[in-house]
Amino acid sequence: MNTNTHDRQGGGGGGSFLSRLGGLDRRWIFLAMGLSIAVPILLKLRFPEVPGPMARATFDAIESIPEGSRVLLAFDYDPASAGELQPMANAMVHHCAARGHRIVFMALWPLGKQMADATIKDVLLEFHPQYAYGTDYVQLGYKAGNEAVVKLMATDIPQQYSTDAAGAALASLPLVADVKSTTDFKLVASISAGYPGAKEWVQYANSANPEAFKLVSGSTGVQVSQLLPYYPAQMEGLLVAVKGAAEYEMLVTAAYPSADKPDLLAERLGQGRVRMGPQLVAHLLMIGLIILGNIAMVAGRSRGGAR
Amino acid sequence: MLQRTVPIAILGLSGVILMLAYFSPLTTSWGETVLEWFNILAAVAFVLGAGNLLAVNLEKISSRRPGWAYAAITLLSFFLMLGFGLLKVGAVPNPQHPGVHLAGNYETADSPFGWIYEYVFSPLTATMFAMLAFYVASAAFRAFRAKNTESILLLGTAFVILLAQTAAGMFLTGWIPEDSAFAFLRLDWMKVAITEHIQTAGMRAITIGIALGVVATSLRLILGIDKSYLSKG
């Protein structure tokens, strides 16, 4: 590993421990971060989560539409963000299926389809085996075009998607045979890692027909500041990062437990809560490191002043 | 002359049609046609992207520039996945058309394409993203210093959000009743106050500024004033 001279030397030369702390070799920081993530995972540490208003709003939005409604779930992310977003996607699909909603999957990201396929396999077909392709769910797959895809879907879905991901004509699939635009859905959800994603769904689909359907989103932590201005007026629910997923998982699993596979459901829909353990310890480590860095700075200044 | 006039005319016409389509239902279908063209072009852009990838990496390999071996690995991986995908190597037969090889599913982990995606590509991309945690921790230790009032405010905000985003927030301040006069000391209350008021207000200002910039730039492009997207000549 490449370490510069500053890393190896103390910030204050042969000074006190505190002033030398500023020059701490970054490999110790990496080791501490690695341990703070690995230990909670290995020990399966779980901490209680209290569902916040945003998670409740998302849950309520899906609850509020009539049972058996047609919903559109856009998987606008790829494996890089799966650790943060897959738990909320899993919980949302289970929630929709438990309510009997008929689900249309699509993706604005090239690998979003694979993300949706994983959720269909691990959650939808595992806990809701009665769901039949074509009548209860459809996979439209990925389309290139970013916001243009969203804008066209707001007015003419058959022009955008003439077939599903496997090449079957939409007209042959009962669930989407009569779909004309996004107004034919009761709810649209975008699980989003960035551009194109939730913001584009607000700007190009929701703004065209604000009363036609409810819009909810699950977002990575880094892009949530861009989405907050749209919540709750244009976006009824917003799940923020792993914490949002953990809170939403709690609401969904409490309301819709699995009678025949409780342990498997706890595992598949417990990933958000499992990941909150490492997040807690890593955040505490970050705070500790920032405090240590500032102590070292003050100690260094004091030594400088003394000289 | 034609190389510059035609793109400017296409851009101007497309921009005007899309604006009209937003305001007038009579021109909605025109807007849809333009968007369909755009989506087709976006798909074609993948081919251009592949061409660019080839040109850049082949040049790097032929001139033996530093890191040329990585360029070779990139191209090897590219052609491997392209071949597996296009030829559907090892695809799982389609139950409806078992005799038609190209109707098979190549995206499951049982085929080479799906296997590489599942067990090579996914873990690698997730690893790259996860490594951010290590660099952020190191950067926070070295750079996050309370040197002045602004940085102290930033530090305080960071501490509140970092704690409130975990169970620590409830553990430390969850005992303060939500309806008491001291509820503002709860970390979850502070987090909501920061995100919904301070952060959202700032973000709205930025968003409006960006939107005005986009409008100005779009008008310059549509009217043919800004030609920077054309080739250098």
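Chain A splits into domain 1 (5–43 + 275–306) and domain 2 (53–269), with bounds that come from an automatic or database domain assignment. This is a predicted model, in which local features need pLDDT of at least 70, side-chain atom pairs count only at pLDDT 80 or more, and totals for chains, interfaces and linings use all residues. Residues are numbered from 1 along each chain as its sequence is written, while chains are lettered from A and ligands numbered from 1 in the order in which they are written.

**Chain A**

- The C-alpha centres of domain 1 and domain 2 of chain A are 41 Å apart.
- Along the principal axes, the C-alpha atoms of chain A fill a box of roughly 80 × 45 × 35 Å.
- Chain A has 13 helices and 6 strands (DSSP runs numbered from the N terminus: helices are H or I, at least four residues; strands are E, at least two).
- Of the 307 residues in chain A, 51% are buried (20 or more other C-beta atoms within 10 Å of the residue's own, with C-beta atoms placed from the backbone).
- Of the contacts in chain A between residues at least 6 apart in sequence, 76% join residues at least 24 apart; a contact requires C-beta atoms, placed from the backbone, within 7 Å.

**Interface**

- Contacts between the chains involve 43 residues of chain B and 46 residues of chain A.
- On the chain B side, two or more residues each come from α2 (28–62), α4 (112–130), α5 (132–143), α6 (149–164), α7 (167–173) and α8 (187–222).
- α2(B) gives the largest share of that side, 9 residues.
- The chain B side comprises 25 nonpolar, 11 polar and 7 charged residues (nonpolar: Ala, Val, Leu, Ile, Met, Phe, Trp, Tyr, Cys and Pro; charged: Asp, Glu, Lys and Arg; polar: the others, Gly among them).

Notes:
Two residues are in contact if their C-beta atoms, placed from the backbone, lie within 7 Å. A residue is buried if 20 or more other C-beta atoms lie within 10 Å of its own, exposed if 12 or fewer, and partly exposed in between; C-beta atoms are placed from the backbone.
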